[in-house]
Structure formats: structure tokens, C-alpha cells
Amino acid sequence: MYHNPVLLKQSVDDLVTNPDGIYVDCTFGGGGHSREILNRLSDKGKLFSFDQDLDALKNNIEDPRFTLINQNFRFLENSLLMHGISEVDGILADLGVSSHQFDEAERGFSTRSNAPLDMRMNVMQNLDAKRVINEYEEEELADLFYHYGELREARKLAREIVHQRKSKSIETTEDLKKLFSYIPPHKVNKFYAQLFQAIRIEVNQELEVLKEMLMQAYKVLKPKGRLVVISYHSLEDRLVKRFLKNGMFEGEPERDIYGNYKKAFDLLQSKAIIPDESEIEENSRARSAKMRIGIKV
């Protein structure tokens with residue numbers, strides 16, 4: 001299977017409120033969510049799906065109601081306008097790396113395989129993990145390990161990398177892992193997960209891209225249109241939670257004399273929705289998933 005979609009039925013249940021409407025799947029992947037959305041649409045309904053990964057294009061769906069756009073979802077608004085669409089009824093984004101991307105060893109996403117340092121979701125872009133590790137300044141590396149990987153010893157890690165690459169370029173995931181063989185066995189899995197996450201976020205500009213998508217999603221959603229976002233780590237979830245609350249990523253909104261502020265969304269549920277135990281048992285990657293749903297005010 002290319003990708004086992006998380007919270008499949010519930011996400012689409014909460015997304016599709018108008019069978020005749022226009023919907024967007026920001027992260028097509030294997031097409032699991034898209035197919036389920038199409039199952040809920042009438043002959044009048046339309047679905048536009050985005051994916052920047054060329055591999056995902058092989059999963060295209062032959063359906064007159066469906067359009068697959070080979071673009072990063074940071075270009076959501078303009079891409080829809082190019083297809084004559086200015087407003088939509090709902091938007092779904094299942095963030096993170098697909099099962100296929102993790103399982104394709106040569107992509108360099110997985111901590112389990114020895115592969116070239118790559119981690120590009122879009123293989124056509126120039127910046128990859130090898131350039132980050134071998135060309136970034138020590139301070140830049142420390143910052144991304146601290147902010148994107150939430151690693152406490154970020155400066156020490158950056159120093160180790162810069163010291164090593166003076167004598168030999170760091171080419172593969174195994175080369176990188178060997179630098180930190182001193183990590184205690186009971187901490188090693190979490191450590192490498194955080195380290196690889198930090199590099200991957202930098203390579204793909206994941207947090208900036210997410211911010212751009214969320215702001216554009218608000219613009220193109222119709223009033224009462226729904227935004228459904230499934231995230232897999234706290235950095236993404238915090239951005240989504242804050243944006244759905246007040247349409248901002250930092251700072252505080254202006255309040256009136258009564259202390260009220262203009263909301264961007266009503267929340268379908270106040271707390272994040274998480275997969276149940278049976279889904280986690282079937283799909284271990286669902287364990288960290290959190291889904292939040294906003295209804296545009």
C-alpha cells in the first residue's frame with residue numbers, strides 16, 4: 001500500500017457537508033482521502049487534490065470530478081484560481097511524510113535504512129539533507145535542531161557535525177547516525193526521530209509552508225466551509241490550534257472593550273480528535289496523529 005490514510009472515515013465525515021460542493025485534498029499521496037471524498041460527492045461535486053511528489057502522480061484517479069495538481073500546497077490559492085475556482089466548501093490536509101516516502105529507503109526519510117541524505121518531498125528542488133548537514137553554519141544547525149527537533153543538546157550536536165565534515169563529507173543517513181553512537185540505547189530511537197524530523201522540516205520548509213496554506217485556506221473557504229487538518233508532531237499541531245483559535249500564529253488579536261476578539265473559525269470540537277486503539281494497532285503511524293476541525297466564521 002502506498003499510504004494508509006489516518007482517520008479516514010471520520011475526517012471525511014466531518015469535511016463533506018455538501019455533496020454538490022467543491023473540495024480540496026492538500027496532500028493526495030496514495031489517494032485514500034481523495035477517493036473517500038469522491039465517494040461522498042454527487043455528479044455536480046468537484047475535488048482538487050495537491051501533491052508535489054512525482055511518485056504520487058502515479059496514483060491519479062480517473063474521474064471527471066477530480067483534478068490532481070502537481071504543486072506544493074503553499075500555492076493553494078493561485079493553483080485553484082488557474083482552474084477557475086475562487087471559493088471552496090472544504091479543505092483537508094493530512095500533514096507529514098507518507099508511508100511510501102518512509103518506506104522508499106533511497107528517499108532518506110527513514111531512520112532505519114542507510115540511504116543518501118535527501119529527505120526532499122519534491123525531488124526537483126535543490127536543497128536536500130546533504131546540503132543542510134554539510135553546508136549550514138554551526139549556529140544554523142544548532143537552531144534548527146533546537147527549534148525543529150526540540151533537542152536540548154542542539155549546540156553540541158551541531159559542533160560534532162561541523163567537526164566531522166572538516167575531514168570527510170557526511171553523505172548518508174548511516175554516516176550521520178555514526179556521529180552519535182554515544183546516545184544511550186534506550187534513548188536512541190527518540191533521538192534519531194527528533195534529529196531526522198528537524199532536518200526534514202528544514203529541507204521542505206514544512207512549518208512555513210503550513211502557515212502559508214492555512215492563511216490561504218481561510219481566504220478561499222466559503223463561510224461555514226470546513227478546514228480539517230491532521231498533524232503528527234507538536235510543532236504542526238500548535239500552529240494549527242492557534243490559527244483555528246484566532247487566525248494568528250503569534251501575538252494576540254485585538255479585543256473590544258468587553259475583551260472579545262473576532263474569531264476566524266468555530267471549532268467543531270474543542271479538543272483534538274485522535275485515532276482509537278484499533279486504528280493505532282492496524283497502523284502504528286496513526287499513534288501521534290491529532291485532527292483539528294474549524295468552521296469558517
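1. The model is a predicted one.

2. Beyond its neighbours within four places in sequence, Leu 207 is in contact with Tyr 148, Ile 201, His 233, Leu 235, Glu 236 and Leu 239. For one of these, Leu 239, the C-alpha atom lies 8.3 Å from that of Leu 207, although 32 residues separate the two along the chain.

3. Helix H6 (residues 138-149) and helix H7 (residues 154-165) have axes that come within 8 Å and cross at roughly 140 degrees. H6 is therefore oblique to H7. The crossing is right-handed. Among the residues making the contact are Leu 141 and Phe 145 of H6, together with Leu 157 and Ile 161 of H7. By class, the contact residues comprise nine nonpolar, no polar and six charged.

4. An open sheet of seven strands has the order E3-E2-E1-E4-E5-E7-E6, with mixed pairing. Strand E3 (66-69) and strand E6 (265-267) are at the edges, each pairing on one side only. From one strand to the next, the twist averages 20 degrees.

5. Within this sheet, strand E1 (residues 22-25) pairs with strand E2 (residues 46-50) in the parallel sense, over four bridges. Asp 25 is placed opposite Ser 49 of E2.

6. Helix H11 (residues 234-246) lies across strand E5 (221-231), E6 and strand E7 (290-296). Relative to E7, helix H11 runs at about 20 degrees.

Conventions: Residues numbered from 1 in each chain as written. Predicted model: local features only at pLDDT ≥ 70, side-chain atom pairs only at ≥ 80, totals over all residues. Heavy atoms only, no water. Contact = heavy atoms within 4.5 Å. Axes fitted to C-alpha atoms, helices over the stretch in contact; angles between N-to-C directions. Helix = DSSP H or I, 4+ residues; strand = E, 2+ residues; numbered from the N terminus. Parallel < 35°, antiparallel > 145°, perpendicular 65-115°, else oblique. Left-handed = near helix turned anticlockwise from the far one by under 90°. Nonpolar A, V, L, I, M, F, W, Y, C, P; charged D, E, K, R; others polar. Pairing = 2+ DSSP bridges.
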